[in-house]
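Here's a quick walk through one protein model, with an eye on its sheet, its core and its charged pairs.

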Amino acid sequence: MLTVLESGTPIDISFTDLMKYHGPHFPGGVAHAYCAMRDAAAVLGPVERREVTVRTAFPGPGGRDAIEMALRAVTGGRFVVAPELAATDRGATLARYVWEFRYRDRTVLVRLRDAGFVVDEFIELGARRDRTPADDERLTVLKQEMTDRLLAGGIGEVYEVVPRSAH
């Protein structure tokens with residue numbers, strides 16, 4: 001569960017809540033944003049959701065929608081896809097799973113742990129423009145498997161905080 005504040009009132013947001021807002025198409029992106037937000041909140045503590053700024057190398061619509069529902073950052077102009085945040089030295093599979101959360105005078109940068117949460121086949125198939133119906137079916141399975149792996153991890157097990165000196 002992710003808890004944010006709205007004018008001091010706690011709002012508990014589950015992955016299921018985020019999926020209701022987003023819809024069924026990109027559960028993995030929703031799960032990535034959910035896990036990244038949980039890990040950032042563990043460092044930042046209680047946050048007023050309308051005061052959090054998010055920069056990420058992750059361009060997916062599931063992630064964007066999760067950030068919007070939880071933090072209202074898209075409509076508030078506090079959400080930016082920043083390709084320069086990509087950790088290209090980590091390879092194509094891990095590079096874009098980097099999120100920076102700024103709340104008042106504190107900033108935390110988190111990146112996906114290299115622990116098999118995302119598989120190369122998912123990245124390669126997702127990037128393919130000439131997918132067949134069978135490819136699309138396989139991609140749907142891979143999305144769900146990734147989502148399940150992400151959600152099975154606890155706070156601090158999926159994303160790791162990048163020390164300030166490293167970013």
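What is the order of the five strands in the open sheet? It runs β4-β3-β5-β6-β7, with mixed pairing. Before going further, a word on what you're looking at: this is a predicted model, in which local features need pLDDT of at least 70 and side-chain atom pairs count only at pLDDT 80 or more, while totals for chains, interfaces and linings use all residues. Residues are numbered from 1 along each chain as its sequence is written, and side-chain values use heavy atoms, with hydrogens and water left out.

**The sheet**

Helices (H or I, at least four residues) and strands (E, at least two) are DSSP runs, numbered from the N terminus. Two strands pair if DSSP finds at least two bridges between them. On the edges sit β4 and β7, each pairing on one side only. From one strand to the next, the twist averages 20°. β3 and β4 run parallel and are joined by three bridges; T56 has V81 in β4 as its bridge partner. Helix α3 (residues 61-71) packs on this sheet, where it touches β3, β4 and β5, and its direction makes about 20° with that of β5. Axes here are lines fitted to C-alpha atoms, for helices over the stretch in contact, and angles run from 0 to 180 degrees between N-to-C directions.

Now for α2, which covers residues 27-44. Its 18 residues reach 25 Å from first C-alpha to last, close to the 26 Å expected; that expected span is 1.5 Å times one less than the number of residues. After the helix comes G45, with a positive phi near 80°.

Why is α2 described as largely enclosed by the rest of the structure? Because 15 of its 18 residues are buried, where buried means under 20% relative accessible area, exposed over 50%, and partly exposed in between (1.4 Å probe, protein chains only).

A nonpolar core is a set of buried Ala, Val, Leu, Ile, Met, Phe, Trp, Tyr and Cys residues joined through side-chain atoms within 4.5 Å. The largest one has 44 residues, and M37, I67, L71, W99, F101, L112 and Y159 have the most contacts inside it. α2 gives the most to this core, with nine residues. There's also a second, separate core of nine residues, including A57, A82, V98 and L109.

Contact means heavy atoms within 4.5 Å. Setting aside residues up to four places away in sequence, M37 touches L2, L18, A66, I67, A70, L71 and F101. H32, found in helix α2, is buried at 0% relative accessibility. Beyond its neighbours within four places, H32 is in contact with Y97, W99, L112, V118, M146, L150 and Y159.

**Salt bridges**

A salt bridge is a side-chain nitrogen of Lys or Arg within 4 Å of a carboxyl oxygen of Asp or Glu. By this rule the count comes to 12. Here are some of them:

| Pair | Closest N to O |
|---|---|
| E84 and R55 | 2.9 Å |
| E160 and R111 | 2.8 Å |

E84, in the loop between β4 (79-81) and β5 (98-103), and R55, in strand β3 (residues 52-56), are 29 residues apart. E84 is exposed at 59%, whereas R55 is partly exposed at 24%. E160 in strand β7 (residues 159-161) and R111 in strand β6 (residues 106-112) are 49 residues apart.
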